[in-house]
Every structure is written in structure tokens, then in C-alpha cells.
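Student: I am new to this structure and would like a close look at a single part of it. Could you take me through the charged side-chain pairs with care?

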Amino acid sequence: MTAPSIVILTGAGISAESGLGTFRDEGGLWAQHRIEDVATPEGFARNPQLVVDFYNARRAQAAEASPNAAHRALAQLQAEHAGSVTLVTQNVDDLHEKGGSTDVIHMHGALNSALCATCEHRWPAPLAMSVGQDCPNCAGPTARPDIVWFGEIPYHMERIERTLANADVFVAIGTSGNVYPAAGFVQMARHVGAETIEMNLEPGENVGLFDDVRPGKASETVPNWVAEILAG
Ligand code: NAD
């Protein structure tokens, strides 16, 4: 039998034990700001300083954070599983990469990247971006955080959908299942007959669509599942 093709979707919950707050955490960075103000193109047009400061704070926090056992286990799976392992994340931190993963698909962008709103050139973001920073390619003063805001189209959708169409196993980890299109990946995987697994602290909104639900902390559930897969 050939080794199964695995597609993994991660969300804020996988980075929670690394000290990065989820969107639902009370008192966290997100709780102090309205989504409309910091995570929409309209919010950026209204008050770019607020938005740049918000992502500067998140970038600084992420730079200090270390990957946890869940990030490391997924890197081990990528390195040792005989079949394909596609890692898609909604997270904008780089803890998967710090944990040893390669080819991580950041569908909602990345804190460590800057994007020119004029020519779409990308370059490594400085730790602190500033408003109206020049693009190194076209020199327009139109740098912005390379983050997919609400109302914008997530990145790499074609590649993700192609991979899901060939998935044997789909796993969602630490995501509340209420932001589309990511929340719909489980349906695409079911459509092609893949086994679907959810690993979450609290059940996600789409929990009913999963064949197997493994509640608990990602630092425990993910290494256990990876050990099972690698043991064959
Ligand atoms: P989320 O905060 O909505 O959900 C986090 C999930 O992780 C929850 O289901 C929770 O039970 C689980 N969790 C928490 N700690 C965990 C742990 N230690 N181990 C395992 N699971 C744990 O985050 P999300 O689902 O990644 O959100 C999806 C996307 O939606 C985000 O990428 C973001 O773009 C967007 N979003 C933004 C906002 C906002 O702007 N305020 C709010 C919600 C979602």
C-alpha cells in the first residue's frame, strides 16, 4: 500500500502554548482591537499607523516566541513520512519554520514579509515597519504588512485545492473553523473520501464534519498522532 497523502491545516491554537494569543483569548492583543480597525483594507486606509503598530507588536511578539512540541512533531512528520505532507497554516507567525518545517503554505500571509500595494513586490519586513515606507522595487511609498485581511483573497488557493483533491488524510489543528475558505477544507477533503481529524482544545464550529475528534492541547495530541502515523 502506498503511504497516505496528508494535508494539515493549522490555526492560532497551535501557537497558543508558545505564548502567542489566539483570536479568542480574553485580554490578548486581538481583544484590544476591533477586527474592522486592524484587519481590513478599509481599516488600513482609515488609520494606517494603528494597523502598522498592531502588526509591529505582533511581529515583535512572534520574534521572541519559540516553537512547541506540536510544531516540531509536524516537522518530523514532513521529514519522515513516506507520502506527501502538505502543511497549510492560517497563522502569520513563523513557528512552523522555526520548528523545522519547510514549504509551509501561509494562506493568510506572514508577519516577516512586507508587500507593496502598488506593484505587489514582496521583501523581508523589518522588525518595525513604518507608514509610507518605500517599496525597494518601484519606490512607491506604499509598503504594507503582507497579511491577508478580511475581504481579501487568501494566498495559494489553487495549490491548496489541488492538494486537497488528492488527500487521503486531512487534519485541522487549533482552528475554530469559522473563517472561510479554510473552514471549508474539511468538506473538500470529505468529498474525495479522505479521513478527517480535528485536534482542538474546544470543538471547532465545523466539528461535526470530522470522522475523528481528538480534544486536548496541541503539544500533546499532535506528537501522539504523528507517532501513530510514523509507526504505520
Ligand atoms: P481562533 O482563535 O479562532 O481559534 C483558535 C482555536 O484553537 C480554538 O478552536 C481553540 O479551541 C484552539 N486552541 C486554543 N489553544 C489550543 C491549544 N493549546 N491546543 C489546541 N487547540 C487550541 O483562530 P483561527 O481558527 O486560527 O482563526 C482563523 C483565522 O481567522 C485567522 O488566521 C485570522 O486570519 C482570522 N481571525 C481573525 C480574527 C480577528 O481578526 N480578530 C478573529 C478570528 C479569526
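How many salt bridges does a search of the whole structure find?

Tutor: This is a predicted model, in which local features need pLDDT of at least 70 and side-chain atom pairs count only at pLDDT 80 or more, while totals for chains, interfaces and linings use all residues. Residues are numbered from 1 along each chain as its sequence is written, and side-chain values use heavy atoms, with hydrogens and water left out. Searching the whole structure gives nine salt bridges, a salt bridge being a side-chain nitrogen of Lys or Arg within 4 Å of a carboxyl oxygen of Asp or Glu.

One of them links Asp211 and Arg190, whose closest N and O atoms are 3.5 Å apart. Because Asp211 sits in the loop between β8 (195-200) and β9 (212-215) and Arg190 belongs to helix α8 (residues 185-191), this pair ties together parts that are 21 residues apart in sequence; helices (H or I, at least four residues) and strands (E, at least two) are DSSP runs, numbered from the N terminus. Arg190 is partly exposed, at 39% relative accessibility, where buried means under 20% relative accessible area, exposed over 50%, and partly exposed in between (1.4 Å probe, protein chains only).

Salt bridges that share partners also join Arg34, Asp37 and Arg46 into one network. Within it, the side chains of Arg34 and Asp37 meet at 3.1 Å, N to O, and Arg34 is partly exposed at 47% relative accessibility.

A further salt bridge pairs Lys98 with Asp94, their closest N and O atoms lying 3.8 Å apart. Lys98 is partly exposed at 36% relative accessibility, and Asp94 is partly exposed with a relative accessible area of 22%.
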